[in-house]
Amino acid sequence: MFSRRKTDLVDPAEALPGRTTPAYSLPTLHEVLHTPLVTDDVPDGLEVAIFGLGCFWGAEEIYWQVPGVWSTSVGYAGGTTPNPTYEEVCSGRTGHTEAVRVVFDPAKVAYADLVKQFFEVHDPTQGMRQGNDVGSQYRSAIYYTTPEQEQTARELTKVYGDEISRRGYGEITTEIEPAGAYYYAEPHHQQYLHKVPHGYRCHANTGVPFPA
């Protein structure tokens, strides 16, 4: 299982079978924001954004600090295997990205601003990796939850792609897909960098700000 090339996106027919229920239980509250951690039922007026931008520890830390973000969690998105474990995702045989799920108030922070930050804090040209982290679970991804989010994501991807191309970078490899099933990661991964302040952060990025 662990010998295949982890940079190859697994064929859904060959994905691990997973399980019908999660292999672990989750805490009730977000360690930092003190809002619900599991946010399958989103309060009226709030929206959900899901991003894959490399190791999810550092990605979540970035987004829980954004004013207008109500809750965040880390998990697995864009794959096939139901209720995967971290080890299974890292094997490359579930098809998932390490993702951050952001519940936000669009009256306080625009979805477009979340997408712009997404592009600035990772390198969307690296394919199946971010920095030294190599594997399909580290690929760049935007999973939209509304048609408006899809339009915004595609428009801003074009804008940023043109800007980094002008500066000599390669093409953006970010996948933009509708949000499917999202599986919350194990409890110790949730708000990891709040629990372990000097823990690992991977912020490979181009250093190119999003153009005004």
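**Ground rules.** The model is predicted, so I kept to pLDDT of at least 70 for local features and 80 or more for side-chain atom pairs, while totals for chains, interfaces and linings use all residues. I number residues from 1 along each chain as its sequence is written, and side-chain values use heavy atoms, with hydrogens and water left out.

**Annotation.** I checked the UniProt record first. Its unreviewed entry places "domain: Peptide methionine sulphoxide reductase MsrA" on residues 49–201; such annotations may be inferred rather than shown by experiment, and the positions are in the numbering used here, with feature names shortened. I find that span to be 31% helix and 24% strand, with its end C-alpha atoms 21 Å apart. Helices (H or I, at least four residues) and strands (E, at least two) are DSSP runs, numbered from the N terminus.

**Main core.** I looked for nonpolar cores, meaning sets of buried Ala, Val, Leu, Ile, Met, Phe, Trp, Tyr and Cys residues joined through side-chain atoms within 4.5 Å. Buried is under 20% relative accessible area, exposed over 50%, and partly exposed in between (1.4 Å probe, protein chains only). The largest core has 27 residues, and Phe 51, Tyr 63, Val 102, Leu 114 and Ile 142 have the most contacts inside it. Strands E1 (47–53), E3 (97–104) and E6 (140–144) each give two or more residues, as do helices H1 (56–64), H3 (111–120) and H4 (147–166). H3 gives the most, with 5 residues. I then followed Leu 114: beyond four places in sequence, its contacts (heavy atoms within 4.5 Å) include Phe 51, Tyr 63, Val 66 and Phe 104. There is also a second, separate core of 14 residues, with Cys 55, Phe 56, Trp 57 and Val 89 among them.

**Helix H1.** How many residues of H1 are buried? I count 9 of its 9. Its cover includes E1, strand E2 (69–77), helix H2 (86–90), E3, H3 and helix H5 (192–195).

**Strand E2.** E2 is largely enclosed by the rest of the structure, because 8 of its 9 residues are buried. Two strands pair if DSSP finds at least two bridges between them. E2 and E3 pair antiparallel over 8 bridges, and Thr 72 has Val 102 in E3 as its bridge partner. E2 also runs antiparallel to strand E8 (residues 183–184), joined by 2 bridges, with Gly 75 opposite Tyr 184.

**Ser 136.** I found Ser 136 in the loop between strand E5 (133–134) and E6. Ser 136 is buried, at 1% relative accessibility. Among the residues it touches beyond four places in sequence are Lys 6, Asp 8, His 96 and Met 128.

**Salt bridges.** I used a side-chain nitrogen of Lys or Arg within 4 Å of a carboxyl oxygen of Asp or Glu, and the count comes to 7. Glu 61 and Arg 201 meet at 2.7 Å, N to O. This pair links distant parts of the chain, H1 and the segment after H5, 140 residues apart. Glu 61 is buried at 14%, whereas Arg 201 is partly exposed at 32%.

Glu 163 and Arg 166 meet at 2.8 Å; both lie in H4, 3 residues apart, about one turn of the helix. Glu 163 is buried at 13%, while Arg 166 is exposed at 60%. Arg 167 also bridges to Glu 163, at 2.9 Å. I noted Glu 163, Arg 166 and Arg 167 as one network, joined by salt bridges that share partners.
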